[in-house]
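Good morning, and thank you for joining this group meeting. I would ask you to look at the sequence and the model on the screen while I speak.

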Amino acid sequence: MKDVRKILLPLPSTSNAEAALIRGYNFARRFGAHLAVLHIRPDGREMAPLAGEGLSGAMVEDLMRSAEHEGARHAHEVHALFERFVAAHPDIQVVPPRGPFPMDTPTISFNILRGAESEIVPAQARLSDFTLVPHPDSGDAVSSSETLHAVLFDSGRPVVIAPRTPPKGLIKRVCIAWNGTAEASSALRGALAWALTADAVRVLHCGDYQRRGPTAQDVVDYLAIHGITADCVEFPPIDRDVGKGLEAACKDFDADMLAMGAYSHSRLRQLILGGVTRYTLEHADITVLMSR
């Protein structure tokens with residue numbers, strides 16, 4: 001599959017990292033692509049301005065030392081996990097972060113950079129075909145995950161969120177959530193790489209969530225032009241919640257992946273009132289592709 005050649009996988013810690021590595025490994029093998037594993041170490045010098053916020057120089061130095069120690073620990077743990085993973089999967093070739101990258105051969109690299117994760121990761125993502133991220137912890141941390149949202153809003157590329165538990169096998173059944181928006185269109189384009197080789201594809205739509213634009217049947221016709229056979233199913237909200245209805249529709253289809261646009265409403269509105277994006281981030285237990 002020529003559309004996917006580079007996958008970025010930022011690993012801030014070992015939390016949910018194994019499941020993300022397995023998903024990334026499966027993607028690299030499926031597409032003959034390069035999996036670029038990236039860890040960002042915070043720069044303790046960024047704490048220096050705190051001296052002007054009422055903290056003494058000694059207090060700032062203590063904070064910097066603590067941050068450096070914590071950063072070194074996370075970096076060591078993530079690198080150790082990476083080393084164990086590649087040792088257990090010798091069929092993927094380890095290469096330097098800048099290559100060379102053999103064509104149509106799954107490769108993997110590991111790199112550590114220093115700075116602000118919410119700035120560096122989106123910049124790296126702009127030259128990746130998509131960014132794969134470990135699933136954030138449940139609850140409020142999901143909706144406020146700074147790096148995930150930085151990639152969504154600042155990279156111009158799709159984000160694929162790995163499930164919490166290590167996935168088994170390849171993605172064979174793909175659901176595409178459609179509501180006629182530009183965000184849904186971007187997710188549709190991102191999902192083509194998987195839909196082209198899937199066993200089954202379904203376009204899901206809900207009357208309560210449809211915006212002005214192409215219909216779900218139009219999407220089925222578009223996919224047919226790409227040689228993809230799909231059906232479309234309208235699902236109802238559950239307890240007036242479109243996100244809950246979408247989750248149930250994916251389970252009815254036994255989907256491995258859901259592709260959807262993110263934040264058709266503003267992120268602030270979703271954080272305060274809830275929304276389909278927020279519900280999916282907090283509750284989905286399958287691989288999710290999101291795009292803005």
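This is a predicted model: local features need pLDDT of at least 70, side-chain atom pairs count only at pLDDT 80 or more; totals for chains, interfaces and linings use all residues.

Residues are numbered from 1 along each chain as its sequence is written, and side-chain values use heavy atoms, with hydrogens and water left out.

How many aromatic pairs does the structure hold? There are eight; rings of Phe, Tyr and Trp (its six-membered ring) pair if their centres lie within 6.5 Å, and planes under 30 degrees apart count as stacked, over 60 as edge-to-face and the rest as tilted. One of them joins Tyr25 and Phe85 in an edge-to-face arrangement, with 5.9 Å from centre to centre and 80 degrees between the planes. Tyr25 belongs to helix α1 (residues 17-31) and Phe85 to helix α2 (residues 57-88), so this pair ties together parts that are 60 residues apart in sequence. Helices here are DSSP runs of H or I with at least four residues, strands are runs of E with at least two, and both are numbered from the N terminus. Tyr25 and Phe85 are both buried, where buried means under 20% relative accessible area, exposed over 50% and partly exposed in between (1.4 Å probe, protein chains only).

Phe31 and Trp194 also pair edge-to-face, at 5.5 Å centre to centre and 80 degrees between the planes. This pair links helix α1 with helix α6 (residues 182-195), across 163 residues. Phe31 is buried at 3% relative accessibility, and Trp194 is buried at 1%. Phe27, Phe31, Phe130 and Trp194 form one aromatic cluster.

Let us turn to the serine. Ser109 is found in strand β4 (residues 107-114), and its relative accessible area of 2% is why Ser109 counts as buried. Beyond its neighbours within four places in sequence, Ser109 has contacts (heavy atoms within 4.5 Å) that include His34, Phe82 and Val95.

Finally, the cavities. A cavity is a set of points on a 1 Å grid over the protein atoms alone where a 1.4 Å probe fits but cannot get out, and lining residues have an atom within 4 Å of a point. The largest cavity has 16 lining residues, with Ala177, Trp178, Asn179, Tyr209 and Val276 nearest its centre. Elements giving two or more residues to this lining are β8 (200-205), α8 (242-253) and β10 (257-261).

Notes
On a 1 Å grid over the protein atoms alone, a cavity is a set of points where a 1.4 Å probe fits but cannot get out, and a pocket is an open set with protein on both sides within 12 Å along at least five of seven lines; lining residues have an atom within 4 Å of a point. Contact means heavy atoms within 4.5 Å.
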